[in-house]
Amino acid sequence: MKLTNPDRRRFLAATLGLLSAAALPAWARPAGENTKAHIVIAGGGVGGCTAAKYLKLFDPALRVTVVERNPIYLRPYGSSEVLTQHVTMDDLEVSYDDLRRRYGIEFVIDTITGHDPQARTLSTAGGQSIAYDRLIVSPGIQLVYEAYAGLTEEVANSEIPAAWIPGPQTALLARQLQGMRQGGTFVVAAPPNPYRCPPGPYERAALAVEWLRPRNPRAKVIILDPRDSFVTDETMLLGWNRLYGFNLPEDYRQRLAQKVEVTEYAQPGMLSWVRGQDGGRLIAVDPQRGTVECEADTLAADVINVIPPQKAGALAMTLGLADGTGWCPVERRTFASSLQPQVYVIGDASIADAMPKSGFAANTQAKVVAQAIVADLAGQPAPEPVWENTCYALAGSDYGLFVADVFRLVDGKIARVNTSGRYLPLDASPMQIKLAARYQQTWLRTFTADCFA
Ligand SMILES: Cc1cc2nc3c(=O)[nH]c(=O)nc-3n(C[C@H](O)[C@H](O)[C@H](O)COP(=O)(O)OP(=O)(O)OC[C@H]3O[C@@H](n4cnc5c(N)ncnc54)[C@H](O)[C@@H]3O)c2cc1C
């Protein structure tokens, strides 16, 4: 947390006893200055745990309880690396012990099933009733399997895994990919906007190519896409061109060739990308026949990974926080729900305009909300928010790239305010590219520590 210069002077003055601590912004006051309100957090993922930790950092006197259905968190970020044996399912596990021990955050491991906004209580499947003064909800996403003919949750659990919420589907997809016959075809169907982790489907496909190449050199990886472009597309496609013999679509080739050398290959490489304009939008799957139907064609596939359309986690619907879009409208400055103003909604489930649905975004939203709540409890206005996001992605295990952004409130909406330097430069040196891959791995560790330790 950055203190402004006047705040810093007042903080020093208060510490030296020259000024009452009440003159400080609420979140910067010493422990015990705020009321001992009970803040309850529904969902112990990235957003929920970051909010819990930072509430206790800003005011240790607060009572903070996280209600989460699973005793151990499985991190979605970095989970595609299970498919390529870089990490195991066990490596995705994150314990809540540090948050309990270091900050005194309480955990109730139970599934939330209801909410009484008047009484300010949550009810759980285990029969508990949990009273709160303020409620933060960070429920993540749910996958709309039924959007495609032939796909259901049962089919996804047994034959066509999405593996976009980590768990048994991730392990199933890893087994399928690793056991794919020689010369087989792996199809990844990317979801329509908006969805969790915008560069994620493209990173997954690239890592699969890298893993298959020495083990299954005649294999094919096909991305079916409802879009024609995506965030980090230029740097990702350049990586594919350099690493996997991927021929750039003509519009990209013309654009990139003005800035950097690109190669045209006589034979198509292992990876292809069927864009929306070329009929890449998925229509149906047939698990019995092993086919996928998109607007352009019906393809035979050995392993199919459909990442379905998404909406706010079911908990948001249970609590009456989602609107007709399937996502949760919020008052942008504080992330207070537009439908239930005493409840805050953060993370993937919230409607956050230009901010992507990423772990980094959920983390930065959580910090802003924690600040807003501490200020509100002290009868002060929420500070002017600033949010950030960096999405690192890999085109290969030694080929990193990123998009980095800063967001502010502009006319009541969240807008990106940086205009240049968002991406890894197209003319980055091999060392910079390798370093970006190292940063991605380092980010995974330090980010997990920021949220959960
Ligand atoms: C393959 C992949 C790669 C990714 N890579 C990156 C990356 O590199 N960088 C990045 O920033 N982001 C990345 N992400 C995205 C990131 O993981 C999510 O954006 C982030 O986890 C969102 O946090 P959240 O708090 O909104 O939801 P979650 O972290 O999903 O947390 C929601 C929590 O709510 C709990 N819950 C839900 N319903 C209930 C209920 N009824 N009762 C109790 N508990 C409940 C869930 O169990 C869960 O623990 C990636 C995602 C994927 C799938």
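This is a predicted model: local features need pLDDT of at least 70, side-chain atom pairs count only at pLDDT 80 or more; totals for chains, interfaces and linings use all residues.
Domain 1 covers residues 31-140 together with 313-385, while domain 2 runs over 145-309. Where the two meet, domain 1 contributes 15 residues to the contact and domain 2 contributes 20. On the side of domain 1 that touches domain 2, those residues divide by class into 7 nonpolar, 4 polar and 4 charged.

Let me turn to the ligand. Both domain 1 and domain 2 give residues to the shell around the ligand, so the ligand lies between them. That shell has 36 residues, and the closest to the ligand are Gly-43, Gly-45, Gly-47, Gly-140 and Gly-347. Two or more residues of the shell come from each of helix H2 (46-58), strand E2 (63-68), helix H10 (359-377) and strand E22 (386-396). If we sort the shell by class, we find 16 polar, 15 nonpolar and 5 charged residues.

My last topic is helix H5, which spans residues 168-178 and whose buried residues are Gln-169, Thr-170, Leu-173, Ala-174, Gln-176 and Leu-177. Why do these residues line one face of the helix? Seen down the axis of H5, the buried residues fall within an arc of 165°, so they line one face. As a reminder, an α-helix has 3.6 residues a turn, so residues three or four places apart point the same way.

Methods. Residues are numbered from 1 along each chain as its sequence is written. A residue is near a molecule or strand if its C-beta atom, placed from the backbone, lies within 6 Å of it. Helices (H or I, at least four residues) and strands (E, at least two) are DSSP runs, numbered from the N terminus. Ala, Val, Leu, Ile, Met, Phe, Trp, Tyr, Cys and Pro count as nonpolar, Asp, Glu, Lys and Arg as charged, and the others, Gly among them, as polar. Domain bounds come from an automatic or database domain assignment. A residue is buried if 20 or more other C-beta atoms lie within 10 Å of its own, exposed if 12 or fewer, and partly exposed in between; C-beta atoms are placed from the backbone. The arc is that of the directions from the helix axis to the C-beta atoms. Two residues are in contact if their C-beta atoms, placed from the backbone, lie within 7 Å.
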